[in-house]
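The report that comes after it is meant to be read beside the picture.

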Amino acid sequence: MRFSLNPFGKSKSPFAKALSSYGFKNCSQRQGKLLIGVPAMDGLDPIDNLPEDLKAVAFLAAPVQVDLIHSFMSDPLAQQVEDLAVGTSHYYAQHRLGDYDMQVAIACLDQPLPSLRKAVLGDMSQLFNGGQYYGKLGEIGPFLEQCPALEKLDLFGQFALGAPLRHPALKTLYAAADSIGVSGGPVDQQTVTNLLLSQFASLESLELELEEQDLEEDYSLPQGFAEAGLMPKLEKLYIDPLAKEAQEALDTWRTRS
């Protein structure tokens, strides 16, 4: 199965031109998602042009795809994408295509993404059995401000949030700092504090698995978090590791009537 030809005719979109220069041989598709940075192999179909009606795209060599991501974000078709991944893959690791610093790539996500419902940042796509390496994502606040309809966000690696924010639609937020000992370093306390003081009107599940080998102190909860009412629909809250006092406060929150 191959993706059909792009709908832009003789006047290709900026992203179509950039993807052509990057090489369609370096891309593939799986279950309707365009995978950029992983060639066709078992379970992954080849492509020979930009898919029409693009809804799902994954940049799987993100640290070395900054120009391509920038081209995507400047193209009107980015506004129709509902599912976006920016990270790496086992292919990227196996062929040693670059490092795991994705801060510049994530910073490129600075234009409106009004249709985006699901985003995965920093994950290593598993193409075969093996561990996953995570790296640095940098500041995620500007990205969240560009996707007001986002409902699910997964973060893998070290990320930062410089200030509390407000997001109306996010329902699920999951973060993991480390997998097999390769990460961008620990997430700082201020980021956790700013995340917990953000206003997430629709958030139902918040899971932060932030154990990391260089983490010096367990995390604390901001003063008055449980009474602030910033996440009125929150049902699941998991943070690891937590200081003893913070864990006791969280246990009290979980047993609330």
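What follows describes the confidence of the model, then its strands, and then one of its helices.

This is a predicted model, in which local features need pLDDT of at least 70 and side-chain atom pairs count only at pLDDT 80 or more, while totals for chains, interfaces and linings use all residues. Residues are numbered from 1 along each chain as its sequence is written, and side-chain values use heavy atoms, with hydrogens and water left out.

The pLDDT, which is the predictor's confidence in each residue from 0 to 100, averages 90 over the protein, and 93% of the residues score at least 70. Over residues 1-11, however, the pLDDT is below 50, and this stretch has 30 contacts (heavy atoms within 4.5 Å) beyond near neighbours in sequence.

Helices (H or I, at least four residues) and strands (E, at least two) are DSSP runs, numbered from the N terminus. Two strands pair if DSSP finds at least two bridges between them, and strand E2 (residues 33-36) takes part in the two pairings tabulated here.

| Pair | Sense | Bridges |
|---|---|---|
| E1 (residues 27-30) and E2 | antiparallel | 4 bridges |
| E2 and E3 (residues 56-59) | parallel | 3 bridges |

Within these pairings, Gln 29 stands opposite Leu 34 in E2, and Leu 35 has Ala 58 in E3 as its bridge partner. The hairpin of E1 and E2 has 2 residues between the strands, and Gln 31 there takes a positive phi near 50°.

Are the residues on the two faces of E2 buried or exposed? Lys 33 and Leu 35 on one side, and Leu 34 and Ile 36 on the other, are all buried, where buried means under 20% relative accessible area, exposed over 50%, and partly exposed in between (1.4 Å probe, protein chains only).

In helix H2 (residues 66-73), the buried residues are Leu 68, Ile 69, Ser 71, Phe 72 and Met 73, and the buried residues of H2 pack against helix H1 (14-22), E2, E3, strand E4 (83-89) and helix H4 (103-107).
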